[in-house]
Amino acid sequence: MVTHPICKVNIGLYVTARRSDGMHELSTVFLPVRLTDALEIVPLDETYKEDVFHLTGTKLPGGEGQDNLVMRTISATRQDYPQIPYVEVWLHKSIPTGAGLGGGSSDAAYALRMLNDMFDLKISDEEANERLAQLGADCAFFWKARPAYAEGIGEELQEMDIPRLKGYTIVLIKPPFGVSTREAFGGIQPQQPQHPLRQAILAPVEEWRGTISNDFERTVFPLHPELAAIKQTLYDIGAVYAQMSGSGSTVLALFDHMPDCNLNKIFPKDYFIHTSEL
């Protein structure tokens, strides 16, 4: 069985509180984007005594073997569903890592979806969300991969329609470096947004620049001024809205038309560039 795990961007991202367990409460909107990895899972016969894993493309640091989120998902699920045989997994990465796009989380969620379909596990949405939340804060979003408003640590989801985005083009620009979680959270002071995101996201996209933002830009941009420069460049070439996704290092932009310029000539050749329609 083969699937193509998509990625996500955040529209707006606010750190609203720090919990007693050290985690942070968030307010954000997850938006699926048609940039995908490729994931294949093939059941093995009874002669195999372990799973077999192959990773190609843009590789995950430290994710070569059983520590990869896909393999952790398979192993954890098999503990409760022993009818799952050992499998051979092929994961080809196209979604860049350390990018704020949730590529690894998506791979894990799609792996669980595949196991559920292949072996008729009858995993409910509630059980899937619980399992995926243990792997990563944004993993649960990819179980359905539909636009959603998220709170908690990102696992409390409310699906929502954002009709104003129909016809827009999204552009993703990622420089050749990532941003660590420690960097992003350094200096963050949790607070409620001036404009509640649940309401602001329903306004015309042209108004988002003044009402929606990403708290992590305040801590990440001073450390990586290249990201602020990318954002400004995207506005200069006609973006209606631009923002860093997640904790970086991808910067997204929304255009009400395809950019007239050649992005490959504007940004350095070692930058990752993706363009697709919403």
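Biologist: What makes both faces of β9 count as covered?

Modeller: T169, V171 and I173 on one side and I170, L172 and K174 on the other are all buried, where buried means under 20% relative accessible area, exposed over 50% and partly exposed in between, with a 1.4 Å probe and protein chains only. In a regular strand, side chains alternate between the two faces of the sheet. With six of its six residues buried, β9 is mostly covered. Before going on: this is a predicted model, in which local features need pLDDT of at least 70 and side-chain atom pairs count only at pLDDT 80 or more, while totals for chains, interfaces and linings use all residues. Residues are numbered from 1 along each chain as its sequence is written, and side-chain values use heavy atoms, leaving out hydrogens and water.

Biologist: How do you know that β9 pairs with β11?

Modeller: Two strands pair if DSSP finds at least two bridges between them; β9 and β11 have five, in the antiparallel sense, so the label applies. I170 stands opposite L254 in β11. β9 is also joined by six antiparallel bridges to strand β12 (residues 272-277), where T169 faces E277. The strands (E, at least two residues) and helices (H or I, at least four) are DSSP runs numbered from the N terminus.

Biologist: Why is H224 called buried?

Modeller: Because its relative accessible area is 14%, and that falls under the cut-off for buried. H224 is in the loop between α8 and α9. Apart from neighbours within four places in sequence, H224 is in contact (heavy atoms within 4.5 Å) with F177, G178, V179 and E183.

Biologist: Which residues touch the most other members of the largest nonpolar core?

Modeller: They are V9, I11, W208, I212, L234 and L254, in a core of 52 residues. Such a core is a set of buried Ala, Val, Leu, Ile, Met, Phe, Trp, Tyr and Cys residues joined through side-chain atoms within 4.5 Å. Elements that each supply at least two residues include β2 (6-18), β3 (24-36), α9 (225-236) and β11 (251-255). β2 gives the largest share, six residues. Leaving aside neighbours within four places in sequence, W208 touches I11, I162, L165, A200, I201, A203, Y241 and L254. A second, separate core has 33 residues, among them I84, F119, L132 and A140.

Biologist: What makes β2 and β8 edge strands?

Modeller: They belong to an open antiparallel sheet with the order β2-β3-β7-β8. β2 and β8 (156-159) each have a single partner strand, so one side of each is left without a neighbour in the sheet. Direction ignored, neighbouring strands of this sheet are turned by 20 degrees against each other on average. β8 pairs with strand β7 (residues 148-151) over four antiparallel bridges, and E151 stands opposite E156.

Biologist: Which strands are at the edges of the sheet with mixed pairing?

Modeller: That open sheet runs β1-β4-β6-β5, and its edge strands β1 (2-3) and β5 (52-57) each pair on one side only. β1 is joined to strand β4 (residues 38-43) by two antiparallel bridges, so the pair meets the requirement of at least two. V2 stands opposite E40. α1 lies across β4, β5 and β6 (87-93), running at about 150 degrees to β6. α2 touches β1, β4 and β6, and its direction makes about 35 degrees with that of β4.

Biologist: At what angle do α1 and α2 pack, and what is the hand of their crossing?

Modeller: Helix α1 (residues 69-80) and α2 pack at about 35 degrees with axes 8 Å apart; axes are lines fitted to C-alpha atoms, for helices over the stretch in contact, and angles run from 0 to 180 degrees between N-to-C directions. Residues making the contact include L69, V70 and T73 of α1 and A108, A111 and L112 of α2. By class there are seven nonpolar, four polar and one charged. Ala, Val, Leu, Ile, Met, Phe, Trp, Tyr, Cys and Pro count as nonpolar, Asp, Glu, Lys and Arg as charged, and the others, Gly among them, as polar.

Biologist: Which residues bring α2 and α3 together?

Modeller: A108, A109 and L112 in α2 meet A128, R131 and L132 in α3. Five of these residues are nonpolar, none polar and one charged. α2 (residues 103-118) and α3 (residues 125-133) pack at about 140 degrees, with axes 11 Å apart, and this crossing is right-handed.

Definitions and conventions: Left-handed = near helix turned anticlockwise from the far one by under 90°.
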